[in-house]
Amino acid sequence: MPFIIDEEKCTACGTCIGNCPNRAIVRRGEKVFVTSMCCDCGHCTAYCGMRAIGPGPQKAQQDVEKLNAAIRKSLGLKKNIAAVKYADRRPKGATPVAGLSFWCYECGAVFDGKTGPVFFTAQNSTCAGAANLGLGTRETGREAYDVIIETMVVGDGGYYAAKELLTLGRKNFPTFNKTYKGMIIGPLDRTEQPDVILLPVNGKQLCMLSTAYSFETGEMVEGKIGGGTCLATIPVAFLENRPVFSCGDYGGRRHMGLADQELIAAFPFRLVPGLVRNLKRTVFSRE
Ligand code: SF4
Ligand code: SF4
């Protein structure tokens, strides 16, 4: 594990436990430990009055190619892992998305190996996904917006029975307090230091991921369902720094090209090195 606690100095006060953004510090019996979910951020050191916590001999592995290969091998994942990263400017190597598209479609193209990193903005967003992702919205006249909602979203055969219900459930999802200018969406092995990764997984693969995450901390992975695929995945992983899974919504599933048995799991990238370490340690490693 990257950071370690010097037992000689530690008084087991527990101050560091609540101040690790990754929930990577736990108490076991009378001792306090750093678990494999530590990502080397160093945040905890500011909270230890005893100066008992510091870098260990090993560093968290941040090589996206190696992490990507390790996850795919452990899970037997056939599709690509998508990575997303917020950026206010399009970086070199990311192609601008041409014209209108869906965020979920761009992710699906990455899953299927059809595209490299692209730069997606609110101006590219056909649906409300950009707003769900903290990218703001494309200019759409109120009248046109109402027509889309009335004809495609509400009523029998739609997502909701009435317009008032459209936003009701959203209070269960975290909201962005900042608008980003764009987002890079690309294969994990070609996206340096992403914010969140998205994996199209079946039930067993989701179980493996969740077990690896819970292995040392006992933290559970929760599902978010009942909103758009974008809303149910990225905001939780990015804003709350915790993993989440979702079946996605009807349109998102179609645009991502998900098979019936597939769900989407979203993990903050900073948890990925720990995840990879623990995938080799759980009950599944005996298979
Ligand atoms: S804050 Fe320092 S002394 Fe307190 S439990 Fe953490 S490492 Fe130990
Ligand atoms: S993840 Fe960061 S805050 Fe948590 S134990 Fe590791 S270095 Fe400390």
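## Around the two ligands

A residue counts as near a molecule if its C-beta atom, placed from the backbone, lies within 6 Å of it. In this predicted model, local features need pLDDT of at least 70 and side-chain atom pairs count only at pLDDT 80 or more, while totals for chains, interfaces and linings use all residues. Residues are numbered from 1 along each chain as its sequence is written, and chains are lettered from A and ligands numbered from 1 in the order in which they are written.

Ligand 2 is surrounded by 13 residues, and the closest are Cys20, Cys38, Cys41, His43 and Cys44. Its shell holds 9 nonpolar, 3 polar and 1 charged residues (Ala, Val, Leu, Ile, Met, Phe, Trp, Tyr, Cys and Pro count as nonpolar, Asp, Glu, Lys and Arg as charged, and the others, Gly among them, as polar). Ligand 1 has 14 residues around it, with Cys10, Cys13, Thr15, Cys16 and Cys48 the closest. Here the classes are 11 nonpolar, 3 polar and no charged.

## The open sheet

Now to the strands (DSSP runs of E, at least two residues, numbered from the N terminus). An open sheet of 8 strands runs in the order E6-E7-E8-E5-E9-E12-E11-E10, with mixed pairing; two strands pair if DSSP finds at least two bridges between them. Strands E6 (95–96) and E10 (222–223) stand at the edges with a single partner strand each, so one side of each has no neighbour in the sheet.

E6 pairs with E7 (residues 118–120) in the parallel sense, over 2 bridges. Thr95 has Val118 of E7 as its bridge partner.

How values were computed
Helices (H or I, at least four residues) and strands (E, at least two) are DSSP runs, numbered from the N terminus.
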